[in-house]
Amino acid sequence: MNIVILLGAPGSGKGTVAGNLASGNSDLKHVSSGDLLRGAVAKGTPAGVEAKGYMESGKLVPDSLIAQMIKDVVAETTGDVTMLLDGFPRNLAQAKILEEMGAPVTSAVLIDVPDEIIQDRIAGRRTCPKCKAGYHVKNLPPKVDGICDNCGAELTIRKDDNPDTVKDRLAVYHSETEPLIAFYREKGQLKTVAGTDPIETVAKNFLAVM
Ligand code: AP5
């Protein structure tokens, strides 16, 4: 197993690219820290109960809480597979935790999107609560308005996707997550793709550099 980290602002397309690449490709495994946390919130586990308030206000959950979930997924992933790790690490402390775990990180790919585009991306996002597929009302619409193409469930809007919380999430990204760009550049592991191209192009370029 090896790990490719996806870096990028909220709404930059990390989940879309990882989902696109991993779908139908058993060599790739998409692991999203946000999906793990939303799953825990939906189930009402102790970790989910603790995480809920942080997530709804756009703050990072405590490092130890999300690190334990990632450790569990890394431990259960074996064989010749590449993990596309989306949303973790989110700050330097989490990057150090990943190193201490001995996680075999081979590269960190930044999906680069300017802040001006982020609000539109997130305002139009629709998510399937059942199979986790992601859509956009203009850029990636489902075949039937409001219904997931894959499983027929009704699409939802994430609670943290309102404009005020998005501003806070972007601020957290710039202050806490952006330092990871220099961290992985210094290790010689940073790659960058433009996230403003069409989705298929971003996915193709991501696969080429990762
Ligand atoms: P998380 O779920 O990780 O959210 P995020 O990083 O804010 O990222 P998003 O899921 O919002 O965006 P994305 O980059 O995946 O974009 P997407 O592909 O959907 O985290 C949520 C919360 O959980 C955090 O705020 C925090 O509280 C907590 N959390 C998670 N991890 C944590 C950690 N490690 N530590 C502490 N707390 C943590 O795309 C967005 C939209 O744009 C979609 O509609 C899509 O269709 C569209 N789109 C995508 N690409 C393109 C394109 N190329 N062209 C046009 N449209 C596009």
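The model is predicted, so local features need pLDDT of at least 70 and side-chain atom pairs count only at pLDDT 80 or more, while totals for chains, interfaces and linings use all residues. Residues are numbered from 1 along each chain as its sequence is written, and side-chain values use heavy atoms, with hydrogens and water left out.

Buried means under 20% relative accessible area, exposed over 50%, and partly exposed in between, with a 1.4 Å probe and protein chains only. In soluble globular proteins, nonpolar side chains tend to be buried together. Beyond its neighbours within four places in sequence, Leu98 is in contact (heavy atoms within 4.5 Å) with Ile5, Ile70, Leu85, Phe88, Pro89, Ala103, Val105 and Tyr184.

The ligand comes next. Around the ligand are 35 residues, each with a heavy atom within 4 Å of it; Thr16, Lys59, Arg125, Tyr135 and Arg169 come nearest. By class, this shell holds 13 nonpolar, 12 polar and 10 charged residues. Here Ala, Val, Leu, Ile, Met, Phe, Trp, Tyr, Cys and Pro count as nonpolar, Asp, Glu, Lys and Arg as charged, and the others, Gly among them, as polar. Helix H1 (14–22), helix H2 (33–43), strand S6 (134–136) and helix H9 (199–209) each supply at least two shell residues, and the largest share, four residues, comes from H2.

Polar contacts are pairs of N or O atoms within 3.5 Å; within protein, one must be able to donate a hydrogen and the other to accept it, and residues adjacent in sequence count only if both atoms are side-chain atoms. A polar backbone atom of Val61 lies 3.0 Å from a nitrogen atom of the ligand, and a backbone N or O atom of Gly87 is 2.8 Å from a ligand nitrogen. The side chain of Arg158 places an N or O atom 2.9 Å from an oxygen atom of the ligand. The protein covers 94% of the 1100 Å² of accessible area that the ligand has on its own, by the Shrake-Rupley method with a 1.4 Å probe.

Thr77, in the loop between H4 and S3, counts as buried because its relative accessibility is 7%. Its side chain reaches the backbone oxygen of Val73 at 2.6 Å. Gly79 lies in the loop between H4 and strand S3 (82–86) and counts as partly exposed because its relative accessibility is 47%. Gln94, found in helix H5 (residues 92–100), is buried at 2% relative accessibility; not counting residues up to four places away in sequence, Gln94 touches Asp63, Ile66, Phe88 and Pro89. Met101, in the loop between H5 and strand S4 (105–112), is partly exposed at 25%.
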